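Q: I would like to go through this model with you. Could you begin with how the elements are defined?

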Amino acid sequence: MFVRLVLFNFGVGMREAADELAADLGPQIRELSGCKSVTFFGDDTDGQYGLFVLWESQEHADSAAGVIAPQLMSHLAGKVTGEPSRRLYSVIG
């Protein structure tokens, strides 16, 4: 299995933007082939947010990135304080 971890900073007071992103992308990600789970998380005190997606395989994760990444970047455009961090990790254990 693989984990896609995406971290970004909306800044303080931007919880609504994080909620909108999760409401829009969460159901879409869950429906993609190979998705085991998706979790959105954040810290309202400093504006750091992210998402954690567990995939059955790297192929599933890579395929999904082609579909979801453009939508994610659209949600983030003009709202984040810097470039998001996107990484794919293999699950250990």
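A: Helices and strands are runs assigned by DSSP, of at least four residues (H or I) and at least two residues (E) respectively, and they are numbered from the N terminus. The model is a predicted one.

Q: With that settled, what follows α2?

A: After α2 comes G78, which has a positive phi, near 75°.

Q: And which residues of α2 are buried?

A: They are A61, A64, I68, L72, H75 and L76. The elements covering them include β1, α1, β3 and β4.

Q: Where does α2 bend?

A: The bend is at G66 and amounts to about 40°. A proline, P70, follows within four residues.

Q: Changing topic: what is the strand order in the sheet?

A: The sheet is open and has 4 strands in the order β2-β3-β1-β4, paired antiparallel. Because β2 (35-43) and β4 (85-90) each have a single partner strand, they stand at the edges, and one side of each has no neighbour in the sheet. From one strand to the next, the twist averages 15°.

Q: Which helix packs on the sheet, touching β1, β2 and β3?

A: That is α1, residues 15-31. The direction of α1 makes about 175° with that of β2. Helix α2, residues 58-76, lies across β1, β3 and β4 and runs at about 15° to β1.

Q: How many bridges join β1 to β4?

A: There are 6, and the two strands run antiparallel. Within this pairing, L7 stands opposite S85.

Q: How many bridges join β2 to β3?

A: These antiparallel strands are joined by 8 bridges. D43 has Q48 in β3 as its bridge partner. The two strands form a hairpin with 4 residues between them, and in its turn G47 has a positive phi of about 80°.

Q: What is F10 in contact with?

A: Setting aside neighbours within four places in sequence, the contacts of F10 include A17, A18 and L21, along with G47, Y49, H75 and V80.

Q: One more residue: where is R4 placed?

A: R4 is in strand β1.

Q: Is R4 buried or exposed?

A: R4 is buried, because its relative accessible area of 18% falls under the 20% cut-off.

Q: What is R4 in contact with, then?

A: Neighbours within four places in sequence aside, the residues in contact with R4 include L51, F52, V53, W55, A61, D62 and A65. A polar atom of the R4 side chain lies 3.4 Å from the backbone oxygen of A61. R4 and Y89 are 85 residues apart along the chain, while 6.4 Å separates their C-alpha atoms.

Conventions:
Residues numbered from 1 in each chain as written. Predicted model: local features only at pLDDT ≥ 70, side-chain atom pairs only at ≥ 80, totals over all residues. Heavy atoms only, no water. Pairing = 2+ DSSP bridges. Axes fitted to C-alpha atoms, helices over the stretch in contact; angles between N-to-C directions. Contact = heavy atoms within 4.5 Å. Bend = angle between axes of the 7 residues up to and from the residue. Buried < 20%, exposed > 50% of the residue type's maximum accessible area, 1.4 Å probe, protein only. Polar contact = N/O pair within 3.5 Å; in protein donor to acceptor, adjacent residues only side chain to side chain.
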